[in-house]
Amino acid sequence: MSSRHPTDGSGRAHPGHAAPGGARPAGADWPVVGRAEELARLDAVAAEVPATGPRVVQLDGRAGSGRSALLHTWLDRVQGFRVLRVRCRELERDFAFGTVRRLFRPLFDQPAGGESRSLLEEAEEAALELLAPGAGAPGGTGPGPEAAQALYGLDALVSRLSRARPLLLAIDDLQWIDPPSLRWLVGLVHRAETRPILVAVTTRDSDRAATGHLYNELVHPSVCHSLVLHPLGPDSVEQLVAEVFGVPDPDPSFCAACHAATDGHPLFLRALLCDARGSGVRPTREDRDRIRTFQLPALAREIRHRLGQGTGDTAQLARGLAMLGDRKPAALLAAYCGTGEAVIRSAAARLQASGLLRDGEDMRFVHPVVRDVVLAEWTPQEVGEAHARAARVLHLSGGREEEVAAHLLAAGPVQGRWALPVLRRAADDALRRGAAETAVTYLRHAVHQPDEGAETARVLLDLATAAGYYDPALAVSYGTTALECLTDDAARSEAVGVLTFAHLLARGGHGQAPAPGRLAKELRTLAESTSLPRESRLRIRALSWWLAFEHPSVRPAVPLTRDTDTGADTDTDTGRDTGADTDTGADRDAADGRGRGHLPAAGARGRETEPAGVTPAERQLLAIRAFDTLRAAEPAAYVAELTDRASVNLPTFSPDLFPLHYTVAQSLLHLDRLDEADALCDRLMRETAGQGMALMGSSLLVYRAGIALCRGDVDHAAAAARAAYERTRSDGELPFRTALDAIMIDAHVERGDLTAADRIAGAHAAADPAEVSWEWPRFLMSLSSLRSAQGDTRAGLSLALQAGRHWEAAGTVNPVFGPWRSRAARALLTMGAPGDAQALIDRELDLARRAGIPRALGVALRGAGLATGGRRGLEQLSEAVGVLDGTPADLELARTLHAYGGALLAREDRKGARTALRRGLDLAVRSGAALLAERVQKRLLEAGGRGSYRSPKDASPLTAGEERVASLAVQGLSNKEIAARLHVSLRTVETHLTGAYRKLRIPGRSALGRAMGDMAARRDPRT
């Protein structure tokens, strides 16, 4: 007789005590979390039994999924049932009625006189003999006459038990039940008719095939409700950690680490937490990283035990899977193991039965920990040999190059020359998929593979190309070394292209960029090569342009056009057309600018020498011509024509196409084709993200911020700039950092936060302007705005003039790049020098009219109107309003309306002034330009605007960024979708929405639509 256990008198053991024969599995007393839905469904099935009669409920799952723990937790809490439970044992599958005997054993343990004992005493003698402890013998599967009587008596006993109280028979691990017990159980369900009997079973899905038709009959959907257990989710893991460690609020990152380490697998999670708790780990952020260090020794021992129970074939298959990975075909595993496919499939079935392999044809371990345990049994030398064997087998079987390469990395040097081309092809594949760092890893290994000597230089060039996607300093290092080794001009031109592109991305870190003088020398040498094809020569000219554009002090290495390339006679030093005059009226600054190796600007002969734009290199030169003619203030229509030709069917971004996309993007931006610029930015961000070019993504965020600022959307510009700052590289440098700071200074000045703007400007106090790029004059213009806003007019003037000198030296005279003349003119007017101011503004107006870009013309007309004054000045201001109206330059229009309203007010046209100023105020507020809005409102009051007129805050309580985010939210976009649409962080979206809710005094998103509608109605400028 087994030892007695306390029960509730119904055969049900108290929690924490196992009923005899129904021992709870190890860990069943652990808290069960994340199973609320399953428990509710179990309760629902149990509630149906008294009214509907016999039912079966099945908990199915993989080994270690927590089926047993869930079952026993539910049994401990279910109400209204007499509970009998048992766990089947694999070693007792051949004992006839072994499961049934242990299921009913608790009845024999009841004290004499108890209800259950009385019912047992009334049972048939045959049934009692069957159920008595120690009865029965191993035997056949079919009942004889005595067995039939015993089963009849057993049915009668169950009937009496269920009559007194609904009966719940729980069988854990049904897959190991002995056949006679299973047959009786199946018959009971069908014979019990209306008896309130519930049979609850747990099954392991990997063992279904071995159970046969009786199993299938028991769990048939007509009588059985099946529940499949899945891994625990992150919230459930957090709840379990809290209960195990006895803390109410464990650190979320610690819980996330636990979930990541176990994939929510209950068995693995329990083993992990046991070891962690026993090692003194606490669920804190500080101990988070320690989770990854646990080897789960208890679980490892169990896995080794299960592997040890198998045959040599199962062990060999486990090693093969551990080395080759999951989902490998049987043929490949057979080749690796040196055996046949039939042997592999048989071994897989045994591993599935042991709970180490998932069910199905695609052989997979149940968890990565199993693989780790298998590999831990090998010595380092054996691991290396196994990887080498895996690489060879995969290579010969036509496996993927990257998969073969991964094994080659772990194997160390291998014999033969087959590995080098495999690694290079794998790197190419990785690069195409956007895994540049992986490509570099393969190629670094390839450098050390046996070769014929010449291949090393090519591998170094491949390394420079791959590294250029994410690490310009590394690209410069490999590219420079490759140049020293390469002798072929075509390969050397590739290396120079890689170095030039690395220069673009390394420009934030001055110590990383290749020396421009070295690049110029290499370009000059290649330009003189007679072995390069025409396409390569054109590419050299494009790269030379970029170098001269970036470094105006560097003499162009080679002119952009030659007679052999374009069919025209051009000066080989200056690139100027020696035929018809190309000067169509540009000032001396434009002419000087063309002396730096730029393409001829315009004119009949200039048009004759345009690149055809057919080949990639021709398109690069065509895009460069468009950008250069734009800088030279050539007519916008001509620039747009060239830009369109260069950008039609624009190919996917690639470093070897640089600077095609760059120059097209800059032309679209300064032509004020901002929607197209936005679309191109979106496209490039997708393409570069897919290629793993994180630094290009940062550069595009700067471009995005520039687009927003051109639109006059100050908040959006600042948000995009902040997103770029957030992606700052680990060494603290960021491409186009100077331009980014300039944008942020402008945004802060427009918002009226001069302190923040000055703080950013202070970081450039020690900047050396001796070697400048296009960013520096742009920054000087922003600094000029800041100093003027601070009341230092003289400093503002000086900085504007400095910016102008830099632009002139670089050949950039189009005022759309920076209206430095009109800004300097305003300062001169303030300082009492109207003559000098008029000269500057006249020059800008002439250039703006010639270029024909509305933004530049409107700004110049505004400057002219302010400088001229009187009726003529008013006409110029009115013309400026008309030019800017309908353009995306909302902020410039707001400034012009402010100036125009002031001029009307000076002529006593108060009504006209109020109309202009109200509109200007609305635009300023929408743009987030608080400083301008305050000035406009003040002038509006001077013009007799009603005192009840709303202040900017009242007129629109939301900033432009908040309004944009709120508008998208009203359209039904999620926070994540809004962040992707605006290219800002999720935190920025959440901050804007929170601010909008607070300012609109609404509880949340559900009330946002109506609030936004009310705000739009209040904005009518006619009120």
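Mentor: Helices (H or I, at least four residues) are DSSP runs, numbered from the N terminus. Axes are lines fitted to C-alpha atoms over the stretch in contact, and angles run from 0 to 180 degrees between N-to-C directions. This is a predicted model, where local features need pLDDT of at least 70 and side-chain atom pairs count only at pLDDT 80 or more, while totals for chains, interfaces and linings use all residues. Residues are numbered from 1 along each chain as its sequence is written, and side-chain values use heavy atoms, leaving out hydrogens and water.

Trainee: At what angle do helix H36 and helix H37 pack?

Mentor: Two packed helices are described by the angle between their axes and the distance between the axes. Here, H36 (residues 754-762) and H37 (residues 775-789) pack at about 140 degrees, with axes 11 Å apart. H36 and H37 are therefore oblique to each other (angles under 35 degrees count as roughly parallel, over 145 as roughly antiparallel, 65 to 115 as roughly perpendicular, the rest as oblique).

Trainee: Which residues of H36 and H37 meet?

Mentor: Contact means heavy atoms within 4.5 Å. Leu754, Ala757, Asp758 and Ala761 in H36 meet Phe779, Leu783, Leu786, Arg787 and Ala789 in H37.

Trainee: How do the axes of H43 and H44 cross?

Mentor: The axes of H43 (residues 890-906) and H44 (residues 910-927) come within 8 Å and cross at roughly 155 degrees. That makes H43 roughly antiparallel to H44.

Trainee: What is methionine 363 in contact with?

Mentor: Leaving aside neighbours within four places in sequence, methionine 363 has contacts including Leu317, Leu321, Asp326 and Arg327.

Note on methods. Helices (H or I, at least four residues) and strands (E, at least two) are DSSP runs, numbered from the N terminus.
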